[in-house]
Amino acid sequence: MDVTIIIPTYNRLWSLPKAVASCKGTKCVTEIIVVDDGSTDGTGEWLEKQEGVVALFQPNQGKDWAVNNGFRIAKGKYIKFLDSDDYYPPNSIDSQFELAEKTNVDLVVAGINVVDETDKVLFENLNLQTDDFISQQLGEENGSHYSAFLFKKSFINDIPHRQEFGAVDDRKFILEVALKNPKIGFINESGLSHLKHSNERLQKLSGLKQIVYHYHILSIYRQTILQLDKANQLSERRVKAASGILWNLAHIISAPTPNPRRSRA
C-alpha cells in the first residue's frame, strides 16, 4: 500500500461522497479509511455500500479519536488526512507520492486552494518553500493546511492527534511534526481544495466554546515556545513568527464579553 487517506466524518453526507471520490483514480495504490464518528444523517448506510473504502464506526467522540482509530489500521507507507468537507485536486496525491519516493523525504508540503461551493477559487497559496518550517508553522506567512501534506507513516508513528486540544488538534500535530525536524519536499501546486461553506465547522464557535478554542491555541504556542527555548532553538525569527498569532490572540482573549445579566436588564 502506497498512501492511506484517513477521513474522519460526522453528519457530512452532503460532502463526504465528493471527498471520497477525490481520493480515487490514482496511479499509486491508495487505501481510503473513513471513520464515522456517530453520524445520524445516513452516513453509515452510505459507507456500507461503498467499494474501495475501509469504513470504521465509533460513537460520537470527536475528530481526534476518529483520526487515531483510522491511523491504527492504516497500511500505507505514507499518510494523508482529509476533512470530509474538503477534497483533493486531480493528480495531487500522485504528485506528492512521486516526489516523496524520488527524494526520500519525511514530509511533502503542498499548497492550498480555498474554493466556494461552485468550485470557484477564492484564494490560493501554492509556493510554500521555506528554509525554516518551524517559523512557517508558527505563523511567519500565509501557510497551507496539513490536509494538503503527505506524511511518511514511520515518521509520525509517535505523534497522535491529541484529544486535549479539541478543534485545534491538527495545529498541535503539525507543530510536533515540525519540531522533529523532518526532511521536507516542497511541491508548487495545490494539495487541497478547502471548501468555504455555510455549514457547521469546528472553528465556527461562539461563547464558552470559542473561549476554550482560543485557550487551546494559547496552550499549544506556550508548549512549543517552551520546548524550543529549552532546546536553545528559539531564534528571533521564530519569536517574531509566533508573536503575530499571539498578539491577535491576546486582543481576542482580553476583549470584554457581554454580561448576560446586564443584557436582560
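A residue counts as buried when its relative accessible area is under 20%, as exposed when that area is over 50%, and as partly exposed in between. All views below show a predicted model.

**Figure 1. Buried salt bridge between K63 and D169.** The closest N and O atoms of K63 and D169 are 3.8 Å apart. K63 belongs to helix α3 (residues 63–73) and D169 to helix α6, so this pair ties together parts of the chain that are 106 residues apart in sequence. Both partners are buried, which means that each falls under 20% relative accessible area. The view also takes in D83 and D170, which are linked with K63 and D169 in a network of salt bridges. In total, the structure holds 11 salt bridges.

**Figure 2. Salt bridge between E140 and R237.** Here the closest N and O atoms are 2.7 Å apart. E140 lies in helix α5 and R237 in helix α8 (residues 236–254), so the contact ties together parts that are 97 residues apart in sequence. E140 is partly exposed, at 31% relative accessibility. R237 is likewise classed as partly exposed, with a relative accessible area of 33%.

**Figure 3. Surroundings of K180: a salt bridge and an aromatic face.** The side chains of D158 and K180 meet in a salt bridge with an N to O distance of 3.1 Å. D158 sits in the loop between β7 and α6, and K180 in the loop between α6 and β8 (184–195); the two are 22 residues apart, and their pairing links distant parts of the chain. K180 also lies over the face of F155, at 4.4 Å from the ring centre. With a relative accessible area of 33%, K180 is partly exposed.

**Figure 4. Charged end of K153 over the ring of F71.** The charged end of K153 is placed 4.9 Å from the centre of the F71 ring.

**Figure 5. Edge-to-face aromatic pairs that share F173.** With ring centres required to lie within 6.5 Å, the count comes to nine aromatic pairs. One of them joins F81 and F173 edge-to-face, at 5.4 Å centre to centre and 80 degrees between the planes. F81 is part of strand β4 (residues 78–81) and F173 of helix α6 (residues 169–179), so the pair ties together parts that are 92 residues apart in sequence. Both F81 and F173 are buried. The rings of Y146 and F173 have centres 5.7 Å apart and planes at 70 degrees, so this pair too is edge-to-face. Y146 lies in the loop between α5 (133–140) and β7 (150–152), 27 residues from F173 in helix α6, and the pair links distant parts of the chain. Both Y146 and F173 are buried. A single aromatic cluster is formed by F81, F133, Y146, F149, F151 and F173.

**Figure 6. Largest nonpolar core and the contacts of F81.** In soluble globular proteins, nonpolar side chains tend to be buried together. In this model the largest nonpolar core has 65 residues, and those with the most contacts inside the core are I5, I7, F81, F149, F151, I156 and V177. Helix α6 gives the most to this core, with six residues. Leaving aside its neighbours within four places in sequence, F81 is in contact with I6, V67, Y88, Y146, S147, F151, I156, H161 and F173.

Key: Residues numbered from 1 in each chain as written. Heavy atoms only, no water. Phe/Tyr/Trp six-rings, centres within 6.5 Å; stacked < 30°, edge-to-face > 60°. Helix = DSSP H or I, 4+ residues; strand = E, 2+ residues; numbered from the N terminus. Buried < 20%, exposed > 50% of the residue type's maximum accessible area, 1.4 Å probe, protein only. Lys NZ or Arg CZ within 6 Å of the ring centre and 35° of its normal. Core = buried A, V, L, I, M, F, W, Y, C linked by side-chain atoms within 4.5 Å. Contact = heavy atoms within 4.5 Å. Salt bridge = Lys/Arg side-chain N within 4 Å of Asp/Glu carboxyl O.
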